[in-house]
Amino acid sequence: MQHLNKTYQIGAATVTRIDEIPLPNVVPSVLYPDLEAGALEHYERFLGHGSYDRNTGTLTESVHTWLVRFSGYTILVDTGVGNGKTLPAAPQFDHLDLPYLDRLLAAGVQPEDVDFVLMTHVHADHVGWNTRDEDGLWVPTFSNAKYIFSRTEQRYNASLSGYKQAADLPPPRLGGPVRQPASNVYDQSVAPIIKSGLAEMIDVNGTEFLDGISFLPTPGHSVDHASIRLRSGGQEALFLGDVMHHPLQVYRPDLRSVYCEFPEASRASRRWILSYASESHALCFTSHFAESSAGCVTRGTDGFRWQFA
Ligand SMILES: [Zn+2]
């Protein structure tokens, strides 16, 4: 059954979640390899039933995207996994056939209405609907959109996929990578966008690419991961991408997810963005939290706290 998610107001902007895949039954020690035995018992009082299933001892996540209407523009933040993508390393995402575009339509948006696609990073579950399969060819789903993302993410992924080498990447300051982005993602979901002339690669440095919207550097989960900031009417929103996967990391920012490529840098970015979010009172829109996926960070005497909104 089709349902519409809650719409949030940030100044003159509205933000609505567009669902793709619920992800229940996530084994904590698999998502967080450094999680010590028994730690969840200490933190479960902070976790709602929609995020932590006490019966099975498993975490609940979600894959979704965010629809933003702002300044007369229709904007998508990240594009999920997509249909028909070849992802053997992630069987739960391999060759999906889900009514994501119907859900977007239910929110009043046709693919050709989208003006901007903003990507926090180039991982399989954030760039998938960039393209769709048309007679065996990957073509842009949002044919009138500009696709905005990090030039460094593009160069690094292109290099790993056998395109032009990027000898300067990854930068040594991130520490050594413990994994690389999944294969096929660049070929199926990024290269066709560049070929079609719809891609606009940017430097992730806090510059506003559109009045009120900027990409803040939060590297570590990936080589040049960005958190996207929207400011309007004195209010602020942060689209956190994969800086965190689950509310547990608000309480334990030291925990890297198994999907983080550069663990040390990811920890530093997590601490920085949590601190920034608590000071700016930003409404945070996450990529993988379950429940409403949106909320606020506050700082207490013993660390950060999360409150769903
Ligand atoms: Zn992700």
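These legends describe close-up views of one predicted model.

The model is predicted: local features need pLDDT of at least 70, side-chain atom pairs count only at pLDDT 80 or more, and totals for chains, interfaces and linings use all residues. Residue numbers start from 1 along each chain as its sequence is written.

**View 1. The whole chain.** The chain holds eight helices and 17 strands. Both are DSSP runs numbered from the N terminus: helices are H or I of at least four residues, strands are E of at least two. With a radius of gyration of 18 Å, close to the 19 Å from the globule rule for 309 residues, the chain is as compact as a globular protein of that length. The radius is taken over C-alpha atoms, and the rule is 2.2 Å times the number of residues to the power 0.38. Along the principal axes, the C-alpha atoms fill a box of roughly 50 × 40 × 40 Å. Of the 309 residues, 46% count as buried. Buried means 20 or more other C-beta atoms within 10 Å of the residue's own; exposed means 12 or fewer, and partly exposed lies in between, with C-beta atoms placed from the backbone. Among contacts with a separation of 6 or more, 68% join residues 24 or more positions apart. A contact requires C-beta atoms, placed from the backbone, within 7 Å.

**View 2. The nonpolar cores.** The largest nonpolar core has 61 residues, and V68, V117, A237, C284 and F285 touch the most other members. Strand β4 (residues 58-70) gives the most to this core, with five residues. Apart from it lies another core of seven residues, including L31, L47, L59 and L248. A core is a set of buried Ala, Val, Leu, Ile, Met, Phe, Trp, Tyr and Cys residues joined through C-beta atoms within 7 Å. Leaving out residues up to four places away in sequence, A237 touches I10, V15, L230, A282, L283 and F285.

View 3. The open sheet runs β11-β12-β13-β14-β15-β16-β17, with mixed pairing. Strands pair if DSSP finds at least two bridges between them. β11 (208-210) and β17 (303-308) are the edge strands, each pairing on one side only. The twist averages 30° from one strand to the next. Five bridges join β13 (residues 226-232) to β14, and the two run antiparallel. R231 stands opposite E236 in β14. Helix α8 (residues 263-280) lies across β13, β14, β15 (283-286), β16 (294-300) and β17, at about 95° to β16. Axes are lines fitted to C-alpha atoms, for helices over the stretch in contact; angles run from 0 to 180 degrees between N-to-C directions.

**View 4. The loop residue D242.** D242 sits in the loop between β14 (235-241) and α7 (248-251). D242 is buried, with 24 other C-beta atoms within 10 Å. Its contacts are T120, H121, H123, H221, H225, Y259, S287 and H288, not counting residues up to four places away in sequence.

**View 5. The hairpin of β7 and β8.** Four bridges join antiparallel strands β7 (residues 131-134) and β8 (residues 137-140). T131 faces P140 in β8. Two residues lie between the strands, and D135 takes a positive phi near 50°.

**View 6. Helix α6.** In α6 (residues 185-195), V185, Y186, Q188, S189, V190 and I193 are buried. These residues pack against α4 (124-127), β7, β8, β9 (146-150), α5 (151-160) and β10 (199-202). G197 follows α6, with a positive phi near 80°.

Note on methods:
Two residues are in contact if their C-beta atoms, placed from the backbone, lie within 7 Å.
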